[in-house]
Amino acid sequence: MDLIVHKFLEVNGLKLHIAEIGKESSPVVVFLHGFPEIWYSWRHQMIAVANAGYRAIAPDSRGYGLSDPPPETHKFRFSDLCDDLLAIVDSLRIDKIFIVAKDFGIRPAALFTLRHHARVAGVISLGVPHTPFGPTAFLKGMPEGFYLNRWKVPGRAEADFGRLDAKTVVRNIYILFSRSEIPIASESQEIMDILDPSTPLPSWFAEEDLSAYGALYDKSGFLNPLQVPYRSTDEEYEDIVDPVIKNPMLLVVGEKDYLLKLPGMEGFIRSGMVKHLASDLEVEYVPEGCHFVQEQFPDKVNQLILVFLGKHS
């Protein structure tokens, strides 16, 4: 961790924080986090790929961690993250990259790959596949208490989270999302009420890790992280005519990831339909892997990443 360097880049009118490790002359791997994550969620992978001869770069998305927030939260969209990625690699004079994305990070990764395909050597997605743009069938029929339904309502999650300090909010989400059950609250509950406060952290997530997350969410707050991804799912991408990713791609799926229980999600992946949107796709499963598979089983995930990078470098 001590070898990871931190810097700020002035791009698109914002000061964005990036963490990096590895030689500037090495092939580049950019890591895009999900929620409630930040650059720190890639700590194990960054060191592994740097030791294997790559340059690892992990930004805090705008509005997350140490990066500036967008000027107008209500206008913040996934396309902003795609534009930020382009500006970051351009400012660092990087021509081509591998992208490793987690959770909602696959959306800006997919947008970047579709819009700038010649600059992408390959894409690795953890947990979430590249899915059709627009309203998704995977969320249809979910109850009102489903966390996505709650968090997309302006003010609902802010009031829920606001009862607790940032560290406790992250703690609760990490515990809830590491289970194989979908987080769903009853009519009389908020999402933060689902969890018994005495529930311990997952064995692979240390108190020092939680403190690192808590400190950065103390700075950023949750307003912008709630906007993207949860309140930006209706964004349209009129410039993208063909949504099929043709670059080499790897999907890593934890077999205990609660997302597999979304209506149709597991069938979409296991039936091979997922390859209709990614024509050069490999799928690897991690037994017992949860939603945070890269932190839960770093050695296994690092091995899968390095094999893919070696194959396509």
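This is a predicted model: local features need pLDDT of at least 70, side-chain atom pairs count only at pLDDT 80 or more; totals for chains, interfaces and linings use all residues.

Which residue in E4 is the bridge partner of Ile18? I looked it up and found Pro59.

**Entry 1**

I began with E2, which covers residues 14–21. I noted that 7 of its 8 residues are buried, so I call this strand mostly covered.

On one side I found E1, residues 5–11, which pairs with E2 in the antiparallel sense over 7 bridges. I picked out two pairs here: Glu10 has Lys15 in E2 as its bridge partner, and Lys7 stands opposite Ile18 in E2. Then I checked the hairpin that E1 and E2 make, and counted 2 residues between the strands. In this hairpin, Asn12 takes a positive phi near 50 degrees.

Next I looked at E4, residues 55–59, which is joined to E2 by 4 bridges and runs antiparallel to it. Besides the pair of Ile18 and Pro59, I found that Ile21 has Ala56 in E4 as its bridge partner.

A reminder to myself: strands of a sheet pair through backbone hydrogen bonds, either parallel or antiparallel.

**Entry 2: strand E4**

Is E4 enclosed or open to the outside? I found that 5 of the 5 residues of E4 are buried, so the strand is largely enclosed by the rest of the structure.

I then asked which way its side chains point. In a regular strand the side chains alternate between the two faces of the sheet. In E4, I saw Arg55, Ile57 and Pro59 pointing one way and Ala56 and Ala58 the other way, and all are buried.

E4 also has E3 as a partner: 3 bridges join E3, residues 28–32, to E4, and these two strands run parallel.

**Entry 3: the whole sheet**

How many strands form the sheet, and in what order? I wrote down 8 strands in an open sheet, in the order E1-E2-E4-E3-E5-E6-E7-E8, with mixed pairing. The edge strands are E1 and E8 (281–286), each of which pairs on one side only. I also noted that neighbouring strands of this sheet are turned by 20 degrees against each other on average, direction ignored.

Then I looked for a helix against these strands. I found H2, residues 78–91, which lies across E1, E2, E3, E4 and E5 (97–102) and runs at about 110 degrees to E1.

**Entry 4: helices H6 and H7**

I turned to H6 (residues 166–177) and H7 (residues 207–220), whose axes come within 8 Å and cross at roughly 125 degrees. The two helices are therefore oblique to each other. I noted the crossing as right-handed.

Which residues meet there? From H6 I listed Ala166, Lys167, Val170, Arg171 and Tyr174, and from H7 I listed Glu207, Leu210, Ser211, Tyr213, Gly214, Tyr217 and Asp218. By class, this contact has 6 nonpolar, 2 polar and 4 charged residues.

**Entry 5: one serine**

My last stop was Ser220, which lies in H7. Buried or exposed? The cut-off for buried is under 20% relative accessible area, and Ser220 has 17% relative accessibility, so Ser220 counts as buried. Leaving out residues up to four places away in sequence, I found that Ser220 touches Gly63, Tyr64 and Gly65.

Conventions. Residues are numbered from 1 along each chain as its sequence is written. Side-chain values use heavy atoms; hydrogens and water are left out. Buried means under 20% relative accessible area, exposed over 50%, partly exposed in between (1.4 Å probe, protein chains only). Two strands pair if DSSP finds at least two bridges between them. Axes are lines fitted to C-alpha atoms, for helices over the stretch in contact, and angles run from 0 to 180 degrees between N-to-C directions. Angles under 35 degrees count as roughly parallel, over 145 as roughly antiparallel, 65 to 115 as roughly perpendicular and the rest as oblique. A crossing is left-handed if the near helix is turned anticlockwise from the far one by less than a right angle, and right-handed if clockwise. Contact means heavy atoms within 4.5 Å. Ala, Val, Leu, Ile, Met, Phe, Trp, Tyr, Cys and Pro count as nonpolar, Asp, Glu, Lys and Arg as charged, and the others, Gly among them, as polar.
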